[in-house]
Amino acid sequence: LFLLTVALGETAAARCPAPCVCDNLRARVLCLNGSLTAIPAAIPQLTKKLNLRGNSFTVIPAGAFLGTPYLTHLDLQRCKVEKLEEGAFRGLGRLVYLNLASNDIAILYQESLDGLSSLQQLILEGNRIEEIQPGAFGHLGSLTVLDLRANALVYLPDMVFQGLAVLRWLRLSHNTLHVLGSEAFAALPALHRLSLDHNELQALPGEALARLDGVTRLDMGHNPITCLAEEALAMASLKHLFLDHAALQDVAAEAFTRSPLLRTLDLHANQLQGLPALAGAGALVRVNLAGNPLLCSCLLRPFHDWLVRERVQAEGTCAAPAALCGRTLDSLRPPEMRCGHHEPPPSPAAPPEQPRAGGSGQCPRGCSCSPDFHHGSCENRGLQEIPQGFPRDTRLLDLRRNAFGMVPQGAFPDLKELVSLHLQSCSIRALHPGALRGLESLVYLYLTDNSLSTLAATAFEGAPRLAYLNLDHNAFTRLPTGAFQLLPNLISLHLQHNTIRELAEGDLAGAGGLRWLYLAGNAIKHIAPTALAPTVMLEKLHLEGNQLAEVPTAALQGLPALSELKLSRNPIKRMGDGVFLPVASSLQHLYLDNMGLQQISPSAFTGLGPKIRSLYLEGNKMSSIPSMSNFTGLEILNLRDVPFHCDCQLLPLRRWIDKLNLRVGATCGSPTEARGLKVKLSTTFQTCPGWGDKAASKPSKKKRSGKSPARGFKKSRA
């Protein structure tokens, strides 16, 4: 045995690559800060810890580490990596730690991280990741820490983290996150801590956060959030909330009523002049208001009384009135907190009207400009004309809830750095040609809740980088033909809740890069077969709440990337054979609920199979459904409020449901003796031929282990 060990040691030593240092006793190899341009092929096979930090690999090819299957730790920091090929880490089933920090990775592809079934920590900090493709984390069922700090993420789509069933800490700090899908965090049942600080979130993403039942700590500091509305946060387990260094000016008394376990609330370095008595926050023990311009007048007395009554520790210092300036909150007595004639403290939200350092213009009268965040705001000021004179370095401009009526040509001069423009609820009837001229950096445009019914072909001239366009809740009766020709970078288009009646050929001409199209709540009855043809990159199509009488199968041709299709609440009564065949190879999420659906052809789901992650069929009228035994990748299946006829013909469905580790909600509508019973509990199947075949009805845990991501989703929406 000794001779064999010596022989193995000599063989391993002989295989150590020249630029590296091999410690065979500890099974470690270091190849630090060298000039390697490819992963060394001669690394000892028994190596457990491999450090390749500081080399120049550019691409990690498929199967790059097949020769080192015993690796548990792999460090690839600062290696100039730009791309992880699909299958790059295949064969590393023992790896628990992977560090890819400080590289140049831009996209995480679907199979980039395949093979890392034991990985517990993944460090991707300091790359330039701007896109995470669906399923990128689908093979990381053991991951507990995911670090995505300091990347270029702007948007998180729904289910982007699916597969991370045991993840406990998700770090998304120091990105440029602006929009979160409502289901972005839906697949994270074990998450305890979420870090979203240092982003560009302008409002608390309450809908997305409500999916996180187990999160106890939420870091939201350094985001330009201006207010917290009633019930802004519904997180049942949240104990510690950090909202420091934001732009908060107002917090509603009921903001935290749906987060009953909250203990620590950090609001320091905001623009708050005070807080109301906080309702429903019975577990709160500490509030930090340091660095806010607190106005310790009679207006703050209810909050002060609440602090005393609830025995909550508070940090903060009065900025006014002059008699109390510098006094701490805990030193105040109610009689001192009087209302009188005094000047309020200067607020960071309303600086004097003079040029600012770092800017090159003045803040228009009646508006506020934040030098720290490069934001300007004239929200709800009763303005009838768009103000001018904002600092040239303004990046976010909030003009919501005014009465502009129209946006004239050249309305935003000298704002070449503007990234986000808010014009919601401004009674806008016309966007004149050239209105956005000069906004060469504009990425986000919000025109929600106006009176727009048409757009000229040159409406968006001068804003070539526009990627996110919100035109929902307007008066469009058809898509503004030709308006998208000048938007080569358009990614997301919101047109829901208009009165659009059809999608015609040419309506989406020029929208070749569109990925998300939202058309819910219109009156669409017809979609021309070629209407969606220009949108070859479309991933998400929302058509719920329209007047479609059939699945628009012909229009789905030529959409090879479509992963999510919503047809809910359309009057589709019957589904024929192969209606989803055009998108069968890519579709992952299918919504067919609440349509009054009466009949589904046995071949309706032809082509669909393991890729389907979620299927919603609730609230329909059919008594049976076709076989879905090929749907082995389901994470969510909703069959609630479907009147199944529980006879022997339904036995295959009953057996299939038994094998799923999901709550599906299927109930019997008939016969009379089974009505209202769960399909799983109905005894009507016990007289069926083959019922005694127990092996057919019991799930095989070994077969499912590692095969389907359905494990751990017992609390699914179904």
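Two rings of Phe, Tyr or Trp count as a pair if their centres lie within 6.5 Å. By this rule, the count in this predicted model comes to eleven aromatic pairs.

**Aromatic pairs**

Y444 sits in strand 31 (residues 444–446) and Y468 in strand 32 (residues 468–470). The two tyrosines are 24 residues apart, so their pair links distant parts of the chain. Both Y444 and Y468 are buried. Ring pairs also join them with Y155 and W516 in a cluster.

F605 lies in the loop between strand 41 (599–600) and strand 42 (614–616). F631 lies in the loop between strand 42 and strand 43 (636–638). The pair therefore ties together parts that are 26 residues apart in sequence. F605 counts as buried because its relative accessible area, 6%, is under 20%. F631 is buried too, at 3% relative accessibility.

**Charges over rings**

The charged end of K83 sits over the ring of Y109, 5.6 Å from its centre. K566 lies over the face of Y591, at 4.5 Å from the ring centre.

**Nonpolar cores**

The largest nonpolar core holds 107 residues. F412, L421 and F580 touch the most other members. Helix 4 (residues 651–659) gives the most to this core, with four residues. Apart from it lies another core of 98 residues, including L108, I132, F256 and A281.

Beyond its neighbours within four places in sequence, L421 is in contact with residues including F412, L436, Y444 and Y446.

Definitions and conventions
Residues numbered from 1 in each chain as written. Predicted model: local features only at pLDDT ≥ 70, side-chain atom pairs only at ≥ 80, totals over all residues. Heavy atoms only, no water. Core = buried A, V, L, I, M, F, W, Y, C linked by side-chain atoms within 4.5 Å. Buried < 20%, exposed > 50% of the residue type's maximum accessible area, 1.4 Å probe, protein only. Contact = heavy atoms within 4.5 Å. Phe/Tyr/Trp six-rings, centres within 6.5 Å; stacked < 30°, edge-to-face > 60°. Lys NZ or Arg CZ within 6 Å of the ring centre and 35° of its normal.
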